[in-house]
Amino acid sequence: MKHLFIIGTIAMLFLGCKKEDQHLPPDFNYPIPAVQITENVNVGAYYTSYTAADWAKKYTYTPLQGEYNSLLPAPMDQNRQWADLAGLDFFIFNWNGTASSNPLLSSFVTDRKSKVKMVINYNIAHLSVSNTAPLTGGKLITMISELNSLATTHFSKDYYFQINGKPVILITPLNLAASATTSVNYTTVIPEVRAALKASGFDVYIVGEITSGWLPPQRYAQAAKAVDAVNLSNWSTSNYDQSVFFNAYSDQNWKNWTDSTSSWKVDFVPCIFPGFNDKVSTPASKLYNLGRTADFYNDYCSVAKSNMSAKRLVIINSWNNFQMGTSLEPTKEYGTSYLEMTRKQFKIN
């Protein structure tokens with residue numbers, strides 16, 4: 001009898017422990033179930049600007065167009081046509097106040113014959129904010145003036161991408177360096193930006209970009225609550241376990257983000273890539289190579305679809321970053337296969 005009592009106690013303890021862990025995955029390499037869609041997903045991709053100086057750096061894959069100049073009409077037109085083949089809804093163009101920012105936008109606008117549209121990613125780096133020179137006063141006035149100018153020039157045009165009638169704009173970065181933690185107070189900056197644009201007739205949908213992945217949402221809660229959506233744009237990793245079990249780790253991480261952002265009434269925007277390899281351009285890199293197989297990319301697309309918000313917005317990093325090996329743009333090595341996979345994953349026709 002005594003032995004039966006001991007066995008029963010052990011069994012109860014075991015069952016109790018199992019119950020506490022019931023929401024944990026069976027392992028960190030669980031299969032990703034394919035996610036079928038019944039309506040189209042809004043898909044965009046980061047567009048990298050290339051000139052001769054950029055092509056002088058080593059790159060991973062060989063573009064079918066050769067070493068093109070992004071500011072010329074012909075390469076941009078070809079990329080727009082390929083984007084239509086992939087079912088992309090928009091390109092994301094970085095705007096940082098430099099001489100090349102506006103010509104790249106103009107290159108996209110010229111002689112448009114495609115469906116793909118534009119989204120501007122406003123980068124605050126050129127404002128040179130710091131803890132001793134925060135984004136207030138004259139610097140904030142400059143930011144608002146520049147955004148108003150971009151809005152007037154582009155936001156109301158038919159080539160600019162909108163969600164629910166609102167022009168989409170990215171603002172980067174939400175994640176500030178430790179040495180600049182008080183340089184930008186997004187809880188005051190974003191409402192002022194939003195109000196100024198609304199006074200000019202533009203009710204915008206603001207996506208705050210966090211330039212790294214694998215970060216906890218609570219660290220950026222204050223900034224995230226100020227925007228409409230949050231996007232973590234870089235999911236490369238130097239962690240071996242994350243690289244081996246990449247899609248499962250991403251799935252768990254994004255579920256954590258969607259739990260937090262949904263409670264804040266903020267949309268989570270998954271950011272994916274078809275593969276990653278920066279060791280050609282940076283041989284000393286400690287980041288692990290990732291994927292570029294059909295299975296890897298299709299699983300990653302399913303992870304994105306299972307974690308996207310009701311706005312059905314997904315971003316691909318990138319269209320043509322050949323230094324990072326993340327490009328969708330057709331190359332001699334993989335042709336148009338990743339364009340076709342992208343359309344199949346995110347469009348129903």
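At what angle do the axes of helix H10 and helix H11 cross? Keep that in mind as you start the tour, and remember that you are looking at a predicted model.

**Stop 1: H10 and H11**

Select residues 294-307 for H10 and residues 337-346 for H11. The two axes cross at roughly 30 degrees and come within 10 Å. Angles under 35 degrees count as roughly parallel, so H10 and H11 are roughly parallel to each other. Turn the view and you'll find that H10 passes H11 in a right-handed crossing.

Now show the side chains. From H10, pick Ala 294, Tyr 297, Asn 298, Cys 301, Ser 302 and Lys 305; they meet Tyr 338, Met 341, Thr 342, Gln 345 and Phe 346 in H11. Color this contact of H10 with H11 by class and you get six nonpolar, four polar and one charged residues.

**Stop 2: just past H10**

Next, click on Arg 312, in the loop between H10 and strand E12 (313-316). Arg 312 is not a glycine, yet its phi is positive, about 55 degrees. Is Arg 312 buried or exposed? With a relative accessible area of 16%, Arg 312 is buried.

**Stop 3: H5 and H6**

Time for another helix pair: select H5 (137-155) and H6 (186-199). Their axes also come within 10 Å, and they cross at roughly 40 degrees. H5 and H6 are therefore oblique to each other, and their crossing is right-handed. On the H5 side, the contact is made by Leu 140, Met 143, Ile 144, Leu 147, Asn 148 and Ala 151. On the H6 side, look for Val 189, Glu 192, Val 193, Ala 196 and Leu 197. Sorted by class, the contact of H5 with H6 has nine nonpolar, one polar and one charged residues.

While you're here, pick Thr 187, which is also found in H6. Thr 187 is partly exposed, at a relative accessible area of 32%. Leaving out residues up to four places away in sequence, Thr 187 touches Gln 222 and Ala 226.

**Stop 4: helix H4**

Select residues 101-109 to bring up H4. Which residues of H4 are buried? They are Ser 101, Leu 104, Leu 105, Ser 107 and Phe 108. These residues cover an arc of only 155 degrees around the axis, so they sit on the same side of H4.

After H4 comes Asp 111, with a positive phi near 50 degrees.

**Stop 5**

Asn 121 is buried, with a relative accessible area of 3%. Setting aside residues up to four places away in sequence, Asn 121 touches Tyr 46, Ile 92, Phe 93, Asn 94, Trp 95, Leu 170, Ile 171, Thr 172 and Glu 209.

For a contrast, jump to Thr 132, in the loop between E3 and H5. Thr 132 is exposed, at a relative accessible area of 78%. Run the distance tool from Thr 132 to Asp 89: these residues are 43 residues apart along the chain, and their C-alpha atoms are separated by 40 Å.

**Stop 6: either side of E5**

Zoom in on Asn 164, in the loop between strand E4 (162-163) and E5. Asn 164 has a positive phi near 50 degrees, and this residue is other than glycine. At 67% relative accessibility, Asn 164 counts as exposed.

Then go to Pro 173, in the loop between strand E5 (166-172) and H6. The peptide bond from Thr 172 to Pro 173 is cis, with omega near -10 degrees.

**Last stop: Asn 231**

Finish by selecting Asn 231 in strand E7 (residues 229-232). Where does Asn 231 stand, buried or exposed? At 0% relative accessibility, Asn 231 counts as buried. Not counting residues up to four places away in sequence, Asn 231 touches Tyr 46, Leu 170, Val 207, Gly 208, Glu 209, Ile 210, Val 269, Cys 271 and Ile 315.

Methods. Residues are numbered from 1 along each chain as its sequence is written. This is a predicted model: local features need pLDDT of at least 70, side-chain atom pairs count only at pLDDT 80 or more; totals for chains, interfaces and linings use all residues. Side-chain values use heavy atoms; hydrogens and water are left out. Axes are lines fitted to C-alpha atoms, for helices over the stretch in contact, and angles run from 0 to 180 degrees between N-to-C directions. Helices (H or I, at least four residues) and strands (E, at least two) are DSSP runs, numbered from the N terminus. Angles under 35 degrees count as roughly parallel, over 145 as roughly antiparallel, 65 to 115 as roughly perpendicular and the rest as oblique. A crossing is left-handed if the near helix is turned anticlockwise from the far one by less than a right angle, and right-handed if clockwise. Contact means heavy atoms within 4.5 Å. Ala, Val, Leu, Ile, Met, Phe, Trp, Tyr, Cys and Pro count as nonpolar, Asp, Glu, Lys and Arg as charged, and the others, Gly among them, as polar. Buried means under 20% relative accessible area, exposed over 50%, partly exposed in between (1.4 Å probe, protein chains only). The arc is that of the directions from the helix axis to the C-beta atoms.
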